[in-house]
Each structure stands twice: as C-alpha cells, then as structure tokens.
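Let us read a protein structure together, one feature at a time. Please look at the sequence and the model before the dialogue begins.

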Amino acid sequence: MDCDIEIGDDMHYEGTCIRPPSEAYSILLQVTLGCSHNKCTFCSAYKEKRFAIKEDRIILSDILFASKYMKQQNRVFLMDGDALIIPQKRLMWILDRIREHLPWVKRVGAYANTKSIRMKTPEQLVALKNNGLGILYMGVETGDDEILKKVRKGTTAENIVRMGRKVRDAGIKLSVTVLLGIAGREGSLRHARLTGEVLSAIGPNYVGALTVMFQNDTPLYKDYCNGKFELLAEKEILPELREMLAHTHLNRGLFFSNHASNYLPIRARLPRGKQEALDLIDSAINGEVGLRPEWMRGL
Ligand code: SF4
C-alpha cells in the first residue's frame, strides 16, 4: 500500500486539534475525528465533529509527511478524542507504519476512555505497548458516582479504577486529569475525597488537575445560567484541591495543577513532595501566596 501514497503539502488536520500540554512538541498525527463519547456536559472540545476513524491512506500520507519534515520530534501523539478506540488490527497497523517510517520516535501517546480501554484485552494492550504505545491519557474528572452521572461521563468510579489499573498492568504509562469545581459547592469536599481515593486505587504516573471553566455552548454552562450549577470561587477551589491531594496516596507519581485553568500551580512528586504541596496550598488559603488572576486563566 505504501508505494501508492504520495506525501501531501501538509498534514491533513481537520477541525479543532487538541493534545495534552505534555505533547506540545510531539508529532500530532490525527487518526480519528472527534470523540466517540462526546456527551460530557462540561466539554465542548469536539462538538462540531462527528466521530470517525480517518482513512488509512490519509494517515499514511501524514506519517510520510512527518518522516520528511519532522525528524527532530521523537514523540507522536495520536489525535483526536480517543484513538485507542480504533480496532486492534488497524491500530497495530498505524503503530507499525510509525515504526517503519519514523524510526527515531521513542513514544506514541493517545487519549483513552474507559470504553476504549474495556474494548481491548490485556494481551492487546501489551501488544500495543510492545509496538510503541507508551502513554495513555484518561479523563477521570471525579471519583464521585453521583457527579459522574450528572456530567454524563458514561462510566462509574469502579470502572475508572478497573480500566486505569488495566492500562498500568499492561506496562503503559497513565496520565489522568481531574476536574476541580465540578461538584459545585455542596459536593466539593466529597468529590475531593472520593477522587483522591480513586487516584490512590489506580496509581497513575501523572495526575493533572484542571479547574472548571465555562465554554458557552456546554450543557454545564446552561445549568449555571439556570441556577442548577454553582461555580466555585478561587478561595473555595483551594480547600478542594487540598482535600484531594491529602486523600491521594501514590507510591510514585506526579500530581500537578499547572494547567492554565488553575488558580494555584503546584507540582508535587508523591509521596515525598506531598507535605510541601499541602503547605503551599495552606499558605494560599491564608492569603500568603498570590493566585493566578482571573484574566490569565484559560483552557
Ligand atoms: S471530556 Fe473527553 S470523553 Fe468527555 S466528551 Fe470531552 S473528549 Fe469526550
């Protein structure tokens, strides 16, 4: 098949392209369009896209383009929403082509969700790992089943733990995100505790905390406008972050909140750096540390 493919003038990107901050310097290879779930009430990332897997010839053309023009980048990130949902044979084919044409690439990453992880057997995940898939990014958001249901995440805390462990057991690195403020005022500390417990049970390599920010077209924003969702103020987010970190027990992992949506950036290597981070949050709660001003926050 390779011999029929011509290198295009550019990569074939369609619509909004999203990648984790840590993949900023990776070759961004768009292998799917949108997100196969696309129902979370707080997310407008792929609302304009209907989920699809891109054609093999387009994917291969982009890999060949990268082989010519992206020789300095040694990581590949597979976009869009959850590339792990691609059937095993096709995903292995993509990884094969990356190894064949981009031999300098050291790690391939992708977004995943509990559904796409469930659809892979443990053996298939190991095969993907052995073929270059080094890291998966999964949105946990919360460990509170009530909130998971409310935000239409389409999964449960128990399932999140099982699927997260499945990735780790396959030897694939796991980076997860949690969402500060998603439980509103009343559920804040419960969300924090339950999320900390879920994180402890999974044992991810990286935990990134984001803070709820509104995008105008989301159902969550409509709930806010109708008085059904309370947006926490910066001083209310900090105790939630503290409670979550206090309940997160990792043998080894990085807990950070340096995303632009957060009021207080922290970077704690657990378990060693936990107390220092908790002390920093306490200082911020007491007004001794400056917070990111509202105008500097972003998604
Ligand atoms: S948060 Fe993730 S799983 Fe939910 S709709 Fe957005 S991209 Fe899809």
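**Reading the model: a dialogue**

Q: What kind of model is this, and how are residues numbered?
A: This is a predicted model, in which local features need pLDDT of at least 70 and side-chain atom pairs count only at pLDDT 80 or more, while totals for chains, interfaces and linings use all residues. Residues are numbered from 1 along each chain as its sequence is written, and side-chain values use heavy atoms, with hydrogens and water left out.

Q: How many disulfides does the structure hold?
A: A disulfide is a covalent bond between the sulfur atoms of two cysteines. The criterion is a pair of cysteine sulfur atoms within 2.5 Å. The structure holds zero disulfides.

Q: Which residues are around the ligand?
A: A residue counts as near a molecule if one of its heavy atoms lies within 4 Å of it. Around the ligand are Cys-35, Asn-38, Lys-39, Cys-40, Phe-42, Cys-43, Tyr-46 and Lys-153.

Q: Is Cys-35 buried or exposed?
A: Buried means under 20% relative accessible area, exposed over 50%, and partly exposed in between, with a 1.4 Å probe and protein chains only. Cys-35 is buried because its relative accessible area is 16%, whereas Cys-43, at 24%, counts as partly exposed.

Q: Where is Thr-41 placed?
A: Thr-41 sits in the loop between β2 (32-33) and β3 (52-53); helices (H or I, at least four residues) and strands (E, at least two) are DSSP runs, numbered from the N terminus. With 3% relative accessibility, Thr-41 is buried. Beyond its neighbours within four places in sequence, Thr-41 has contacts (heavy atoms within 4.5 Å) with Lys-150, Val-151, Arg-152, Thr-218, Pro-219 and Leu-220.

Q: Which residues touch the most other members of the largest nonpolar core?
A: A nonpolar core is a set of buried Ala, Val, Leu, Ile, Met, Phe, Trp, Tyr and Cys residues joined through side-chain atoms within 4.5 Å. In the largest, of 69 residues, they are Leu-29, Leu-78, Ile-98 and Phe-255. Helix α1 (residues 56-69) gives the most to this core, with six residues. Another core, of 11 residues, lies apart from it and includes Leu-179 and Val-212.

Q: What span should helix α6 have?
A: The expected span is 1.5 Å times one less than the number of residues. Helix α6 (residues 157-169) has 13 residues and should therefore span 18 Å, which agrees with its end C-alpha atoms being 18 Å apart. Its buried residues include Ala-157, Ile-160 and Gly-164. After α6 comes Gly-171, whose phi is positive, near 85°.
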